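Keep the picture at hand and look up each residue as we reach it.

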Amino acid sequence: MARTMAEKVWEEHVVRRAEGEPDLLYIDLHLVHEVTSPQAFEGLRLAGRPVRRPDLTIATEDHNVPTENILGPIADKVSRTQIETLRKNASDFGVRLFPMGDIDQGIVHVVGPQLGLTQPGMTVVCGDSHTSTHGAFGALAFGIGTSQVEHVLATQTLPMAPFKTMAVTVNGSLPEGVTAKDIILAVIARIGTGGGQGYVIEYRGQAIRELSMEARMTICNMSIEAGARAGMIAPDDTTFDYIKGRPHAPQGADWDAAVAHWRGLRTDDDAVFDTEVVLDADRLSPFVTWGTNPGQGAPLDSAVPDPASFADPTERAAAEKALAYMDLAPGTPLREVRVDTVFLGSCTNGRIEDLRAAAEVIKGRKVADNVRMLVVPGSMRVKEQANAEGLGEVFTAAGAEWREAGCSMCLGMNPDQLKPGERSASTSNRNFEGRQGKGGRTHLVSPLVAAATAVRGTLSSPADL
Amino acid sequence: MEKFTVHTGSAVPLRYSNVDTDQIIPAVYLKRVARTGFEDGLFAAWRANDPEFVLNKPEYAGASVLVAGPDFGTGSSREHAVWALQDYGFKAVIAPRFGDIFRGNSLKGGLLTVVVPQEVVERLWAAVEADPATQVTVDLVEREVRAPGIAQPFELDDYTRWRLMEGLDDIALTLRHTDDIDAYEKRRHAWLPVTQ
């Protein structure tokens, strides 16, 4: 029977199938961080259970970590306790950990791929919804809760409810200045934050094939913002070139065997998806959000919508509530929206290519007066690479703050937060109320728009400079 | 885990859509390493800033069923959202649609999340707004939500229903199949990566 890529990967991981029960799936890679793991390790301790496969488990410190003075003790006592708890748990249970100060420390979804631990056809889980990032390699990657983290630690498996399949086909080629972030924001605006619920999305089409691995990760990363269980892109030579030579990539004969297997990980030509969505890349333009959920987005060329224009009463009420929170008037051109802060970073857009794109725009220019720009690399390796390319100097010369690696202002668990009423242009993934700091207002943007906005002080694209 | 069969209690009408898990419990409450005491974080921003927020109204004190708009629990995978609702006293959440990860977390932890059509949610809202003492029953045995004038069946797969009714923990169930896991591990590709 013809199958989609997601179904093939699923089938290959079924440990146990029984009538009337969810399939029990094997998990090839479990990524762990400090926030969603303490109660899971405690559960193991209470039950006297070991970690079944520490060699398929890896931990990093990312959500809570400061991005300045990282070698001193963390000032926030509660954050410090959580980091110390992870260190103790990793040590007690034999899990390899990248602590602050380690060259391999960084955001969990940046670290896995850069080490070559994320590979096509694998099942990858993490107690973090943006685990969907790893789907860019043709892996089936799910965000899970803490109960499931404990389950995977104890058994290396997860009982999983069946999923539906959705194809998002992006035809044509992206115009200059339009990026993967604009594709995914446009997809979410089209299908809504609940549109993907119950689905694994496969992104396909010429525009997707033309994307780098970094850009594909940006797309798959935000599958969760469309409500999807996971997002995937079929592996191809771009994928294999990215993996080859990384520390945990297969080598020699293993490499050949792996690539031969990976080439079969594509949706059969006659397979049928439960739902299909088609977009034309040629018609896309820079996209930004105006509201408080990621589906509330519009082209930068347009204006803040009038809630009355929404036919659906639930959407209309949501738009009214969002505009009140965002302090935006209907009809305001998005280009006139002034920001206080620009955040470049996160598991969505904190990789080397994102920093290069932003640096290219900002080089030789200055961050506008009264605008604070925070550049937070996704990992210490990304920072090292960026410094080697002179990008760090570009950012600091422009007046931006060039920080250490972590999740930072994406969710403001560390000191990098918006103050009440402050407005940001952010390359992260969520514009929820208070996400970047209590009372903060967030506009989601691409790295190019972030850089141009930092220079002009209002939402802008590089073409405006 | 506590067994869930039939629960009856008063209900809170939460007339919002897209209530993400950052709203259910802001990130600052996620720094804790304990498993209990998350009730103070529940809807913390709305409770602190909006006197009209429904949980600030004395007539809804002690309610144990939350009735919300579509896409409740979208966003972050934080299971703390489930813990906060439970620690606050909620036993069930009724909505037209839930975020997948939140739904999974809730059903693992014994917070029953029930999907009913928007129209039924509207009727429940009207009923509990007209009389906050209105009793809402969530019956897992019969898979039905009941309130005066309302008897709405809901779907939940047999396996999850059984697990919730028995109060069983998934890990113990999976560990009964260790032989299957051992056998699977023997047939994994040799080139798959290890972290150590």
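## Starting in a loop

Cys410(A) sits in the loop between strand E17 (401–402) and strand E18 (423–426) of chain A. Strands here are DSSP runs of at least two residues (E), helices are runs of at least four (H or I), and both are numbered from the N terminus. This is a predicted model, where local features need pLDDT of at least 70 and side-chain atom pairs count only at pLDDT 80 or more, while totals for chains, interfaces and linings use all residues. Residues are numbered from 1 along each chain as its sequence is written, chains are lettered from A and ligands numbered from 1 in the order written, and side-chain values use heavy atoms, without hydrogens and water.

Is Cys410(A) buried or exposed? With a relative accessible area of 6%, Cys410(A) is buried (under 20%; exposed is over 50%, partly exposed in between, with a 1.4 Å probe and protein chains only). Beyond its neighbours within four places in sequence, its contacts (heavy atoms within 4.5 Å) include Phe343(A), Asn429(A) and Arg435(A).

Cys347(A) belongs to helix H12 (residues 346–349) of chain A. Cys347(A) is also buried, at 8% relative accessibility. Leaving aside neighbours within four places in sequence, its contacts include His109(A), His130(A) and Asn429(A).

## One gathering spot

UniProt, in an unreviewed entry, places a "binding site" at Cys347(A), Cys407(A) and Cys410(A); such annotations may be inferred rather than shown by experiment. These residues span 64 residues in sequence, yet no two of their C-alpha atoms are more than 8.8 Å apart, so they gather at one spot.
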